[in-house]
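Please open the model in your viewer and keep the selection tool ready. This is a guided tour, stop by stop.

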Amino acid sequence: MTISVHDLTTGRVYRYHRRGRLITASTAKVLILMALLLKTPWRELDGDARRDASLMIRRSDNKAADRLWLRIGGAPGFTKAARRYGLRHTSGVAGHCLDLYCWGITKTSADDQVRLMKALVSGKSPLREADRARVLDLMARVVDGQDWGISAAACEGDRVALKNGWLRRVSTGRWAVVSAGLIRARGHDYAIAVLTEGSVGVGQGVATVEGVVTRVMRSFRSCRAG
């Protein structure tokens, strides 16, 4: 497990196993979309690309991700975008993995995932404001059943934007379960990433992610009024 939580308002940071490098699973789809929008603003995307972007983020559709992966130029385009956003430990993996391109086994760090979330709310981001808002809107409308993860630490009235990932490792039969996103409320933006591997099932991984993020966020703030 590796964790990174940044209060973007105060600068306070929590990290656990910061040198850990685990796979993104479907959280890679956020960077795929942000790479696409660096090349082509949302307002200039054709209907197919917009539809795939929505399917990829809101429903975690793998085939939509594959199509957009090709649009961004595959692994080289993915890696180039990662560097534009200041990611240091994240590079695209070329080739095919089972019936998908290999974006799901991208190694990353929790800090890199937090850097990517920061790029969605920072005026210094290379991504245009309108496109940042579009990505956040899609992440805020993930379908029921896929909205677990960092949302477990949200207080009433908080706004949550997230992307989760879950992938069974062929080599071990165990699951990687990941959640990354933003919790926004009460004058604070929290960028959060929790990456885990080794769960015997998705449910165990989800419970681990939610238990950890809830516990860590209690040290940052209380949900009690006042």
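What follows is a list of things to select, with a note on what is there.

**Before you start**

This is a predicted model: local features need pLDDT of at least 70, side-chain atom pairs count only at pLDDT 80 or more, and totals for chains, interfaces and linings use all residues. Residues are numbered from 1 along each chain as its sequence is written, and side-chain values use heavy atoms, with hydrogens and water left out.

**Stop 1: the largest pocket**

Select Cys 97, Leu 98, Ile 105, Leu 167 and Arg 168. Of the 20 residues lining the largest pocket, these lie nearest its centre. The volume is about 430 Å³. A pocket here is an open set of points on a 1 Å grid over the protein atoms alone, where a 1.4 Å probe fits, with protein on both sides within 12 Å along at least five of seven lines; lining residues have an atom within 4 Å of a point. Volume is the space filled by probe spheres set on the points, which are joined across faces, edges and corners.

Now colour strand E5 (100-101) and strand E7 (159-168), the elements that each give two or more residues to this lining. E7 provides the largest share, three residues. Helices (H or I, at least four residues) and strands (E, at least two) are DSSP runs, numbered from the N terminus.

What classes of residue make up the lining? There are 11 nonpolar, five polar and four charged residues. Ala, Val, Leu, Ile, Met, Phe, Trp, Tyr, Cys and Pro count as nonpolar, Asp, Glu, Lys and Arg as charged, and the others, Gly among them, as polar.

**Stop 2: helix H4**

Select residues 74-84, helix H4. Its buried residues are Gly 74, Ala 75, Gly 77, Phe 78, Thr 79, Ala 81 and Ala 82. Buried means under 20% relative accessible area, exposed over 50%, partly exposed in between (1.4 Å probe, protein chains only). Then step to Gly 86, which follows H4 and has a positive phi, near 85°.

**Stop 3: aromatic pairs**

How many aromatic pairs are there? The count is three. Rings of Phe, Tyr and Trp (its six-membered ring) pair if their centres lie within 6.5 Å; planes under 30 degrees apart are stacked, over 60 edge-to-face, the rest tilted.

Select Trp 69 and Phe 78. This pair is tilted, 5.3 Å centre to centre with 50° between the planes. Both residues are buried.

Next, select Tyr 190 and Phe 220. Here the pair is edge-to-face, at 6.0 Å and 85°. Tyr 190 lies in strand E9 (residues 188-199) and Phe 220 in the segment after H7, so the pair ties together parts 30 residues apart in sequence. Tyr 190 is buried at 3% relative accessibility, and Phe 220 is buried at 13%.

The charged end of Arg 12 sits over the Phe 220 ring, 4.5 Å from its centre. The rule asks for NZ of Lys or CZ of Arg within 6 Å of the ring centre and within 35 degrees of the ring normal.

**Stop 4: Thr 208**

Select Thr 208 in helix H7 (residues 202-218). Thr 208 is partly exposed, at 27% relative accessible area. Beyond neighbours within four places in sequence, Thr 208 contacts Met 1 and Thr 196. Contact means heavy atoms within 4.5 Å.

**Stop 5: Pro 126**

Finish at Pro 126, in the loop between helix H5 (110-118) and helix H6 (129-140). Pro 126 is partly exposed, at 32% relative accessibility. Not counting residues up to four places away in sequence, Pro 126 touches Leu 38, Arg 84 and Tyr 85.
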